[in-house]
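Could you look over this note alongside the coordinates?

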Amino acid sequence: MANVEIIGFAPSTYVRAIRMVCEEKAIPYDLKPAAPHAPEVAAIHPFGKIPVMRHGDFELCESKAIATYLDLSFPGPKLIPTEPRAAALTEQWVSLVNTRIDPTLIRTYLFAYVFPKTADGAPDRKAIDAVLPALTEEIALLDRAVAKAGYLAGDSFTFADINLMPILYYLQKFPESSAAIAAAKPLAAYYERLAARPSFVNTVPPPPPSRQAQAS
Ligand SMILES: N[C@@H](CCC(=O)N[C@@H](CS)C(=O)NCC(=O)O)C(=O)O
């Protein structure tokens, strides 16, 4: 069968998570760069979100569904446990991160730096300051979670960790979030340890285009 196609662009945290699944399980895949709402994305995702996936004649959207399909279809390490409690904890942490932590830390905090809605394109200080209490609370929550056994869902590496790592990668790059992670010792150690995995190293996104390049 043809290689798995991951459709979406590399800077997306959700696209990276699916690429990490492929890397962890040594699944041959082709990354087909596409922006949200591009025709090839909108043909598969009803709301135009990335990533979407094609494998032969099978098309799928939503990162957790794609991860489940890949984990069940290919050999290699299990990334979504089958033991009921570990499976449920993995699901729980993917849900907590995708429904609350990603909206706070990526869509609100990070986007206020990289896609500010300010007139001059400067970071949106008001939005950043407003989200800092939630940022602090959520970093503390993640810190307590990984302090227990070194992973988000129990004592082994799962898709819950894969789903979080691309978010932490971006948070290391901005002042308030990197300071909060540095002060959260178990979370900082968790990030360092997991960031050394080849699946993470091999999927580092390219730096965003500079403002000058964007303008030209
Ligand atoms: N629930 C989706 C979320 C994916 C998502 O939000 N992707 C972002 C890029 S990181 C996107 O496509 N945003 C465009 C939009 O929401 O319109 C999943 O898990 O795949």
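The points below go from the sheet to the helices.

1. This is a predicted model, in which local features need pLDDT of at least 70 and side-chain atom pairs count only at pLDDT 80 or more, while totals for chains, interfaces and linings use all residues. Residues are numbered from 1 along each chain as its sequence is written, and side-chain values use heavy atoms, with hydrogens and water left out.

2. An open sheet of mixed pairing is formed by 4 strands in the order β2-β1-β3-β4, where strands are DSSP runs (E, at least two residues) and helices likewise (H or I, at least four), numbered from the N terminus, and two strands pair if DSSP finds at least two bridges between them. The edge strands, each pairing on one side only, are β2 (29–32) and β4 (58–61).

3. Strand β3 (residues 52–55) runs antiparallel to β4 and is joined to it by 4 bridges; Arg 54 stands opposite Glu 59 in β4.

4. Is Glu 5 buried or exposed? Glu 5, which lies in strand β1 (residues 4–7), counts as buried because its relative accessibility is 18%, the term meaning under 20% relative accessible area with a 1.4 Å probe and protein chains only.

5. Helix α4 (residues 84–114) packs with helix α5 (residues 125–149) at an angle of about 145 degrees, their axes 9 Å apart; axes are lines fitted to C-alpha atoms over the stretch in contact (heavy atoms within 4.5 Å), and angles run from 0 to 180 degrees between N-to-C directions.

Technical notes: Buried < 20%, exposed > 50% of the residue type's maximum accessible area, 1.4 Å probe, protein only.
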